[in-house]
Amino acid sequence: MNKAYICFCESEDWRKLIWESKACPCREKKIEEQLTNWKKMLAHEIKEGQTVVRIKTNLDNPDPSERDWWIAKIVDVVEHPNPRAKNNHVWPSYNLASAVDDHDMNVNLIIRGQEHMTNGDKQKELYSYFNWEYPHCYYHGKISKLGDMTLSKSKMKLIMDELGVERYDDPRMATIKAFRRRGFKPEAIRKVILDCGLALKEVKITTEAFAAANKLFIGEANEYPFFEEMISLEVEEMIEGEIEGTKFEKGTQKFFVSKKELLKNKIGSLIRLKKACNIKLKEIKQDFASANFISYTKTNNPILSWVINPINIEILMRDGSTKKGFTTKNILKEEGIIRIEGLGYANIEEKNDSLIKLVFAHE
Ligand SMILES: [Zn+2]
């Protein structure tokens, strides 16, 4: 075929020549000599670094990286040995392997990122030498960012080292594992990727768009209160009643509410306990408050969330921090994704009778 040659040049010398569109001496050697050297490579008589196999291209190609690029070389020191590779020393370049694989596997449509355009040109050239028909090929813009998170695997590793992140499913990482842990649905990931289309421009996905896509596939999610600090609130003179499955007896009922929210009110304030009853604050102390029952009637009084059976809750946030607080034990009946009051969606990761752990998904 006479379309390749074994190059013995020092890489610096070769590069100087190729930048000037000049052939190196190895390129002009006879086919027989090329084949002899090729056999020596296979027999491992030639060692790593002594030669590379180059494909003959148009030396006037405007892009120097596409001139006589290498297609195979010898690797003696294998970083990640594979038992199936045994005693093989000659290895194809990415472009040779990829092109031959595509052909052997009858690939007829290639969709690849725009950063692979030069590789596409190279592989097309290989196909033409073999008289193979090149598959249809579409390029899409590179999806470079998701919110403030990088999607580059090599940069990801650096960020992990820098932040001391140990797991790939850490919520600070833009990995499928992390998205799954946060409660993102596969359908949502598919949707945002498809929505990017095949335009040839750099694509940045916003966290808002990603969250919106996920909400489409989550469906209804129940909401639960979250108090970083709670305080007990005794409501006196309750009359019997049942609100949304919770029965209230006649007499004094003990609720727990957010300390921060309660302290925004004064003695004498009228408050509506969410979806329950109206009360009038009687007493507010550091760790205890009391009120009088007024009515069950719906009013426009300021609303306060409450729980009767509190449980500890921990939420692993997007920045790797953990929010700790209290919610209701009713949450234990849930699986998967729920809503946390004042925060947003979160995915249940672990639960027992005294603690529930969640991973924050999105607002
Ligand atoms: Zn050479």
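User: With which residue does R339 form a salt bridge, and in which strand is that partner found?

Analyst: This is a predicted model, in which local features need pLDDT of at least 70 and side-chain atom pairs count only at pLDDT 80 or more, while totals for chains, interfaces and linings use all residues. Residues are numbered from 1 along each chain as its sequence is written, and side-chain values use heavy atoms, with hydrogens and water left out. A salt bridge (a side-chain nitrogen of Lys or Arg within 4 Å of a carboxyl oxygen of Asp or Glu) joins R339 to E223, with the closest N and O atoms 3.5 Å apart. The pair links distant parts of the chain, 116 residues apart, with R339 in strand β22 (residues 337–340) and the partner, E223, in strand β10 (residues 223–224).

User: Is E223 buried, partly exposed or exposed?

Analyst: The class follows from the relative accessible area: buried means under 20%, exposed over 50%, and partly exposed in between, with a 1.4 Å probe and protein chains only. The areas themselves come from the Shrake-Rupley method with a 1.4 Å probe, and for residues only the protein chains shown count as cover. R339 has 28% relative accessibility and counts as partly exposed, and E223, with a relative accessible area of 34%, is also partly exposed.

User: How far apart in sequence are the parts that E335 and K351 tie together?

Analyst: The side chains of E335 and K351 meet in a salt bridge, at 3.3 Å from N to O. E335 lies in the loop between β21 (322–328) and β22, and K351 lies in strand β23, so the parts tied together are apart in sequence by 16 residues. Here helices (H or I, at least four residues) and strands (E, at least two) are DSSP runs, numbered from the N terminus.

User: Why are K191 and D195 separated by about one helical turn?

Analyst: K191 forms a salt bridge with D195, and their closest N and O atoms are 2.8 Å apart. K191 is partly exposed at 28% relative accessibility, while D195 is exposed at 54%. The separation is about one helical turn because the two residues are four residues apart in helix α7 (residues 186–196).

User: How many disulfides does the structure hold?

Analyst: A disulfide is a pair of cysteine sulfur atoms within 2.5 Å. The sulfur of C137 is 18 Å from the closest cysteine sulfur, in C196, which is too far for a bond. The number of disulfides in the structure is zero.

User: Which residues make the nonpolar surface patch of about 400 Å²?

Analyst: Patches are made of residues with over 30% relative accessible area and no salt bridge, where like charges are joined within 9 Å and nonpolar side chains (Val, Leu, Ile, Met, Phe, Trp, Tyr) within 5 Å. Y138, found in strand β6, is partly exposed with a relative accessible area of 46%. The residues that make this patch are L109, I111, Y138 and L198.

User: What is the phi of N106?

Analyst: Most residues other than glycine have a negative phi. N106 is found in the loop between α3 (94–104) and β5 (109–113), and this residue is exposed, with a relative accessible area of 67%. N106 has a positive phi although it is a residue other than glycine, with a value near 55°.
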